[in-house]
Amino acid sequence: MGVRECPARLLLLSLLLLPLGLPVLGAPPHLICDSRVLERYILEAREAENATVGCAEGCSFSENITVPDTKVNFYAWKRMEVQQQAVEVWQGLALLSEAILQGQALLANSSQPSEALQLHVDKAVSGLRSLTSLLRALGAQKGAVPLPDAASSAAPLRTFTVDTLCKLFRIYSNFLRGKLTLYTGEACRRGDR
């Protein structure tokens, strides 16, 4: 095994163990700074979104689910402190995790949940847990604890509701491609870990 093959194998092993929630010894301390890691989760989210685009039966929820607004004002985002970005990303990720879990429960209670749909939801649950762990390693949770004076100036998280699995997966995909990618890129670039 060549020296150059080792990092690639370590990355592959890390990606396989992360969804299991197992610690990856010898893995780079800030694995999320490797763009391939985040790209993997984005790809899964887009696949789930695409799989549910034409779905009619079993894809509507019996109740609305609250999700974070994924729109980004790039001018305002670039002017934000990294800690403010961390707060917004951490709150959005927490709400998105709740929403996916709620969608999973609603899907399980439906009359005939499709195995394919269930697989996409299960992957999303696993992916969000892994991303949460990766963000903790990056220090996002520490940075997301609002300071007393920052709490008063921080805008509340904007939200809205969705009523279908397709819309939920679209939000999931947009959140990963938008705010999460912007935050991790900036935090990794600055070294604010």
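The angle I looked up for H5 and H8 is about 20 degrees, with their axes 12 Å apart; axes are lines fitted to C-alpha atoms, for helices over the stretch in contact, and angles run from 0 to 180 degrees between N-to-C directions.

Before going on, I record that this is a predicted model, in which local features need pLDDT of at least 70 and side-chain atom pairs count only at pLDDT 80 or more, while totals for chains, interfaces and linings use all residues. Residues are numbered from 1 along each chain as its sequence is written, and side-chain values use heavy atoms, with hydrogens and water left out.

**Overall layout**

I count eight helices and two strands in the protein chain, where helices (H or I, at least four residues) and strands (E, at least two) are DSSP runs numbered from the N terminus. Read from the N terminus, the order of elements is α-α-β-α-α-α-α-α-β-α. Of the 193 residues in the protein chain, 43% are buried (buried is under 20% relative accessible area, exposed over 50%, partly exposed in between, with a 1.4 Å probe and protein chains only). Among contacts (heavy atoms within 4.5 Å) with a separation of 6 or more, 85% join residues 24 or more positions apart.

**Around H8**

I returned to H5 and H8, whose crossing is left-handed, meaning that the near helix is turned anticlockwise from the far one by less than a right angle, with clockwise being right-handed. From H5, the residues that meet H8 include Leu117, Leu128 and Leu135, and their partners in H8 include Leu165, Leu176 and Tyr183.

I then took H4 with H8, whose axes come within 10 Å and cross at roughly 150 degrees, so H4 is roughly antiparallel to H8. The crossing of H4 past H8 is also left-handed. On the H4 side I list Gln85, Val89 and Leu96 among the residues that meet H8, and on the H8 side Phe169, Tyr172 and Tyr183 are among those that meet H4.

**Single residues**

Which residues does glutamine 85 touch, not counting residues up to four places away in sequence? I looked this residue up in helix H4, where it is buried at a relative accessible area of 2%, and its contacts are Trp77, Met80, Tyr183 and Glu186.

Glutamate 63, in strand S1, is partly exposed at 41% relative accessibility. Apart from neighbours within four places in sequence, glutamate 63 contacts Gln102, Leu106 and Val162, and its C-alpha lies 9.5 Å from that of threonine 161, 98 residues away in sequence.

My last entry is valine 53, which I placed in the loop between H2 and S1 and which is exposed, with a relative accessible area of 52%. Between valine 53 and phenylalanine 169 I note 116 residues in sequence and 9.5 Å in space, C-alpha to C-alpha.

Notes: Parallel < 35°, antiparallel > 145°, perpendicular 65-115°, else oblique.
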